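I opened the notebook to record what I looked up in this model, going from the whole chain down to single residues.

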Amino acid sequence: MLQSLLQNLLNALQWGSFYSLIALGYCLVYGVLLLINFAHGDIFMVGAYIAFFVCTFLLGKYGAIPGMPGWLVLTLAVPLTMILTAVVGVTLERVAYRPLRRKGVNRLYVVITALMCGLILENGNLALLGASRKSFPTLVPTKVFDVYGVTVTNIKMMVIGVAILSFLLLHFIVTRTKIGMAMRAISYDRFAVPLMGIPADTVIVFTFVLGSGFAGLAGLFFAMTYPVLDPYMGALIGWKAFIAAVVGGIGSIAGAFAGGFLLGFVEIMVVAFFPSTFRDLIAFSILLLILSIRPTGLFGVARRTKI
């Protein structure tokens, strides 16, 4: 019984790592702009495809180094995937969100625009690459370790470690750097920040770079763990990551991180004791109960609006 519990807990940590990495992007954009970027799940999908093409290129006959080992390909693919995915996120901000923000339109129109951007990414991928699924190449051979009856793989530990390191890095950036201080200032009063000489657009672009970069990182490791890609892979996991961010407390980095792991834990435990068809029903019922008790989420703080 204890071994089964530990195994499910380890699986929950792995699954929750993907939710947490994506939820961090939702948290960043909402914390700075009070915007729910519903295209973020599809940016995760784009990141997985970018990782696929980057790794395929490095492993192919036109690769930078013939016969490049998988660990080196992974080392190069991580920054390249994050940078290229960040370019996609910044492009969305420049083309779709910034014109609306400068015109001062209602926030509802920006949310609708975000939904349309997600559909454009999905269907654009479908039109360019077709409906056939892509098989992600094997970069690191899977090694299975048995620790007191609990099965652990090197990929699983890598995913969990990357999620924890990403959270620590993001927390350091937001709380200990000048750009992080500017992000928190814009979150507090976006209209007063330009009067203090802080370039708001630069800070907003940096926010999208961070959020999209982490989405690309999640896409890379998700593709390594579940090596089948399709254009709609980001829709459901993106929505679930958004729910995890809300349950943790939208706008709180610690809340987004904890909410992702909480959702992963609930889903895995539900599947362990109930039929898998009940997973979403029971999991979201539990999350709804948590929100009914804590409307602002586990780490969220109620905002006051001055009139």
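**Ground rules**

I am working with a predicted model, in which local features need pLDDT of at least 70 and side-chain atom pairs count only at pLDDT 80 or more, while totals for chains, interfaces and linings use all residues. I number residues from 1 along each chain as its sequence is written, and side-chain values use heavy atoms, with hydrogens and water left out.

**Overall form**

I looked up the secondary structure, taken as DSSP runs numbered from the N terminus (helices are H or I of at least four residues, strands are E of at least two), and found ten helices and four strands. Their order along the sequence is α-α-α-α-β-β-β-α-α-α-β-α-α-α. The radius of gyration is 20 Å, close to the 19 Å that the globule rule gives for 307 residues, so the protein is as compact as a globular protein of that length; the radius is taken over C-alpha atoms, and the rule is 2.2 Å times the number of residues to the power 0.38. Along the principal axes, the C-alpha atoms fill a box of roughly 60 × 50 × 40 Å.

**Burial, contacts and surface**

I sorted residues by relative accessible area (buried under 20%, exposed over 50%, partly exposed in between, with a 1.4 Å probe and protein chains only), and buried residues make up 49% of the 307. With contact meaning heavy atoms within 4.5 Å, residues 24 or more positions apart account for 77% of the contacts with a separation of 6 or more. The accessible surface, from the Shrake-Rupley method with a 1.4 Å probe, comes to about 15,500 Å², and 71% of it belongs to carbon and sulfur atoms.

**Aromatic pairs**

I searched the whole structure and noted 16 aromatic pairs. Rings of Phe, Tyr and Trp (its six-membered ring) pair if their centres lie within 6.5 Å, and planes under 30 degrees apart count as stacked, over 60 as edge-to-face and the rest as tilted.

Which geometry do the rings of Trp15 and Tyr226 adopt? Their centres are 5.7 Å apart and their planes are at 90°, so the pair is edge-to-face. The pair links distant parts of the chain, with Trp15 in helix H1 (residues 2–33) and Tyr226, 211 residues away, in the loop between helix H7 (200–225) and strand E4 (228–229). Trp15 counts as buried at 18% relative accessibility, whereas Tyr226 is partly exposed at 35%.

I then turned to Phe18 and Phe222, an edge-to-face pair with 5.1 Å centre to centre and 80° between the planes. Phe18 lies in helix H1 and Phe222 in helix H7, so this pair ties together parts that are 204 residues apart in sequence. Both Phe18 and Phe222 are buried. One aromatic cluster holds Trp15, Phe18, Tyr19, Phe44, Phe222 and Tyr226.

**Two single residues**

Is Thr85 buried or exposed? Thr85, which I located in helix H3 (residues 70–103), counts as buried at 0% relative accessibility. Leaving out residues up to four places away in sequence, Thr85 touches Ile43, Gly47, Ile50, Ser212 and Gly216.

Asn8 is placed in helix H1 and, at 14% relative accessibility, counts as buried. With residues up to four places away in sequence again not counted, I found Asn8 touching Ile268, Met269 and Ala272.
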